[in-house]
Amino acid sequence: MPVRSKLWSILLGVVLSVALVTTGCGGQGKTETQGASKEASKEKVIKIGFIAPLTGDVKTFGESAQKGFDLALEQAGFKAGDYKIEPVKADDRNDATEAVNVATKLVTQDGVKAIVGSLTSLTTIPISKFANDNKVVVITGTATSPKVTVDEGKRKEYVFRACFIDPTQGTVAAKFALEQLKLKTAAILYDQGNDYTIGLANNFKEAFTAGGGQVLAMEAYAKNDTDFSAVLTNIAKKNPDILYLPDYYQKVSLIGKQARDKGIKAVFIGGDGWDSSDLDYKTMEGGYFTNHYSAQDPRPEVQKWVEQYKAKYNQEPDAFATLTYDATNLLLNAIKTANSDDPTRIKEALQNTRDFSIVSGEKVSFDQDGNPIKPVTILKIEGGKQKFVAAIK
Amino acid sequence: MEHFLEQVLNGLQLGLMYALIALGYTMVYGVVQLINFAHGDVFMVGAFLGYFGFAVWGLPLPVAILTAMVTCALLGVIIERVAYRPLRYAPKIAALISAIGVSLFLEYFSSLKFVFGPNYRVVPRPFPEVHWEIAGLSVTNIQVIVFVVVLLMLILLQLLIYRTKTGMAMRTVAVDHNAARLMGVNVDTTISITFAIGSAFAALGGVLYAIAYPQIHPFMGIMPGLKAFTAAVLGGIGIIPGAVLGALIMGQIETLTSAYISSQLRDAIAFAILILVLLFRPTGLLGRTETEKV
């Protein structure tokens, strides 16, 4: 019986994939004819998908990103080259399974040629794999894990991002702590089920040790944990200078509070996941985090963007809004350069981007892994606000 | 040694938290023989109501807690009336599935924007935190409050069940519904009261949990609910002191595992011990081996 059911499932798989391939081809044929008939009526349309967590544990990220995406399209007049842009939005709830579901819907049902999103590495890794297999361009604003654009040493050719990657963030944080803050010992706490925090933690550890610092403790927890007292009691005993917390705002707020309760005096340092108005600023006071951009950066591009965003939404843009805005602009520029709705040509145009200025960096181009080359910003939590400290290459 | 005692204290706090939830779980099971999977979600609703009470509506803390308890008691009664009573004489599995349905409904309904919303919320401390140094150990007022509340709950429940008429009715219903009815016990009312008390305690636990671990969201009840259920089974489900014992053991295992073995193995070891205990004592630590009724 088991052998037979296995046979059946193989057969079913074959039938399904044949069906998928044929319908896939059919879909493509259809869009071509559509494109041809549209050309007669002068207006050519390209659909762009947008995926972000609009609900769930990091929904403030998604809301900001959506504002950045909307503003970029609005400023471009919903046009790139000869093409009219038609956005299709989807919510992944920061859930890896849901992310693939919505990406499948965007690609197979809506027929998008490119996707802006998603925001966290957790969801963007599966999305980028799916889209790359289906030859659809993906550009994420904020997913920082190296695995987003590279899968087991092999580049996902259709995938790009507008942010630096985790190694850079962890390395810069370690360098900053050693050289500028002159701190020598650290403890690290990270989520063992999340590629983002694992990546930051490992790279921080590596760079910190290589620079002459000492990592006294490296402890893992699970996503749903709320009690960290055992681990924090151990850490309190070792009395480190730094507590490195590379997780998202809600988790670091909770850990930070319990760490102070346990009498840990260490400086909190973290990554871009801290960037939220929902961070517990009172608890995290005096902490530093690496980020993609600061609204206080005096560069004219930054100040202009902040002004435009404030005029529309009456608040300061955070990194999620900014990077998604940058990602959308990089994509629009590529569509314009390629002047085509063929994802392969858009992808080539993106890869060949040269000296394109975006808000989070000047004269950006992509390296061979689809990562932009630009500096990292360091921010401090001071007086319940974020304060610009430095931008480090 | 001091360090070890401090870890034991951490484990005690965690264990007492589980006990807060496990008490309601086990009481409902003891009377109705139903594993009320929605218990963890009533706990979540309680945490949210408490938070709204003292942090948003500006009620004094005791009033906020009382509001949460009363509302959740009502919620418990409604859940029982709608989802369990119609299935009381159906096979056990039907009520269990219904309970899982109620649990998921509460989680996703609470996630809706016009209810509690899907976001994580930071809960401000309703009173300043005080640290005491006792023999090198740091004890907080929150730990003391939780300890006192669990103790009071335990005593109250024992008094209720063994010293009052309602308690006697509960014990009668627990033994046999039909015989109880023949003896003049109003079975429906008794079960409603059981659910009301269990849910009120869940709400109290929720508010205290939110104060100790100051962050709430609609899915916060799942893990503590599961752990508390495990604790109740470990101690012997249906036995009130067993729930507290099981919860304290769970808290110690988890804390000591992450302190001295590995924080990654915590849940694995905690649940492995549960399996071992059940293999050798299927009725739990305080459970009596019952002879099957024929």
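**Exercise 1. Locate Ser118(A) among the elements of chain A, and describe the peptide bond that joins it to Gly117(A).**

Solution. Ser118(A) lies in the loop that runs between β4 (114-117) and α4 (121-133) of chain A, where helices (H or I, at least four residues) and strands (E, at least two) are DSSP runs, numbered from the N terminus. The model is a predicted one, in which local features need pLDDT of at least 70 and side-chain atom pairs count only at pLDDT 80 or more, while totals for chains, interfaces and linings use all residues. Residues are numbered from 1 along each chain as its sequence is written, and chains are lettered from A and ligands numbered from 1 in the order in which they are written. The bond between Gly117(A) and Ser118(A) is a cis peptide bond, with an omega of about -10°. As background, most peptide bonds are trans, and most residues other than glycine have a negative phi.

**Exercise 2. Decide whether Asn314(A) is buried or exposed.**

Solution. Begin with the position: Asn314(A) is in the loop between α10 (300-313) and α11 (319-338) of chain A. Its phi is positive, about 60°, although Asn314(A) is not a glycine. Next, apply the rule that a residue is buried if 20 or more other C-beta atoms, placed from the backbone, lie within 10 Å of its own, exposed if 12 or fewer, and partly exposed in between. Asn314(A) counts as exposed because it has 7 C-beta neighbours inside 10 Å.

**Exercise 3. Find which residues of helix α6 of chain B are buried, and explain how they are arranged around its axis.**

Solution. In α6(B), which spans residues 165-175, the buried residues are Ala169(B), Met170(B) and Val173(B). Seen down the helix axis, the buried residues of α6(B) fall within an arc of 100° (the arc of the directions from the axis to the C-beta atoms), so they line one face of the helix. Among the elements of chain B that cover these residues are α1, α5 (141-163), α7 (177-182) and α8 (187-212).

**Exercise 4. Describe how β2 and β3 of chain B are paired and connected.**

Solution. Strands β2 (residues 131-134) and β3 (residues 137-140) of chain B run antiparallel and are joined by 4 bridges, where two strands pair if DSSP finds at least two bridges between them. Within this pair, Trp132(B) stands opposite Val139(B) of β3(B). The two strands form a hairpin with 2 residues between them, and Ala135(B), in the turn, has a positive phi of about 50°.

Definitions and conventions:
Two residues are in contact if their C-beta atoms, placed from the backbone, lie within 7 Å.
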